[in-house]
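Q: Can you show me how to read a protein model, one feature at a time?

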Amino acid sequence: MDRFVLAHDVTKMLPKMQVVIVTAYNLDNQSKNPSVDAFASDTASAAVSDLSAYPNAQSHPRIALYRDTLKAACNLSAKKFPQSNESLCKRILKEKAALRPINPLVDFYNSVSIKYGVTAGAFDLGELQARSTKPLELRLSTTADTFKALDAKPEETATPVAAGELVYVQDTTVLTRHLAWRQAAEALVTEKTKNVIFMSE
């Protein structure tokens, strides 16, 4: 897996959307990273102040932009399928502190999402490369695609996805549903991750 493909039907649906892709290699995601910790703490403090000026997180102009754009483009309900940036900002407002650390890479991209009000995430590039030579794609799902949720039990199998969802996918394995609503169990960034592909929309 050495390519990213942004499907034509997605660019037609969301002509003003920009997708940023970054790959990084030979990372240490096991050791504590003081720079990331400081970034997360500073970002949380600033976000609490910024978000508190609005009635709720979804009223913030950057969050509202995602809600309104996805509703208009693909009739996506923000109430049913909130994007990751909205969910993170709601948690920040509730906890009024940096989120519980997961690992440096996840903490970093979560903080980027909160700081700039964008959706941001990553996949374990090594796992994607080991799984298939097929590219990572952002496209509309087909009835051949399947998804196993992050919180699924180990014995559970992947289930079919309805056609027409905005998904990150490799071959027929859906990695996120409805853009950045829900993540799959596959290609997670863990402490063992060495190589990673970041994406932000």
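A: Start with helices. Helices (H or I, at least four residues) and strands (E, at least two) are DSSP runs, numbered from the N terminus. The expected span of a helix is 1.5 Å times one less than its number of residues. This is a predicted model: local features need pLDDT of at least 70, side-chain atom pairs count only at pLDDT 80 or more, and totals for chains, interfaces and linings use all residues. Residues are numbered from 1 along each chain as its sequence is written, and side-chain values use heavy atoms, without hydrogens or water.

Q: What span should the 13 residues of helix 5 have?
A: At 1.5 Å a residue, helix 5 should span 18 Å. Its end C-alpha atoms are 18 Å apart, which agrees. Just after helix 5, Gly-117 takes a positive phi of about 70°.

Q: How many residues of helix 5 are buried?
A: Buried means under 20% relative accessible area, exposed over 50%, and partly exposed in between (1.4 Å probe, protein chains only). Ten of the 13 residues of helix 5 are buried, so helix 5 is largely enclosed by the rest of the structure. Among them are Leu-105, Tyr-109 and Ile-114. Their cover includes helix 2, helix 4, strand 3, strand 9 and strand 10.

Q: Which residues cover the two faces of strand 3 with buried positions?
A: Ala-120, Ala-122 and Asp-124 are buried on one side, Gly-121 and Phe-123 on the other. Five of the five residues are buried, so strand 3 is largely enclosed.

Q: Which way do strand 3 and strand 10 run, parallel or antiparallel?
A: Two strands pair if DSSP finds at least two bridges between them. Here five bridges join strand 3 to strand 10, and the two run antiparallel. Ala-120 has Ser-200 as its bridge partner in strand 10.

Q: What about phi in residues other than glycine?
A: Most of them have a negative phi. Lys-96 has a positive phi, near 50°. Leu-179 also has a positive value, near 65°.

Q: Is Lys-96 buried or exposed?
A: Lys-96 is exposed, at 55% relative accessible area. Leu-179 is buried, at 3%.

Q: How many salt bridges does the structure hold?
A: Side chains of opposite charge can pair when their charged atoms come close. A salt bridge is a side-chain nitrogen of Lys or Arg within 4 Å of a carboxyl oxygen of Asp or Glu. The structure holds eight. In one of them, Glu-86 pairs with Arg-67, with the closest N and O atoms 2.7 Å apart. Glu-86 lies in helix 4 and Arg-67 in helix 3, so the pair ties together parts 19 residues apart in sequence.

Terms used: Contact = heavy atoms within 4.5 Å.
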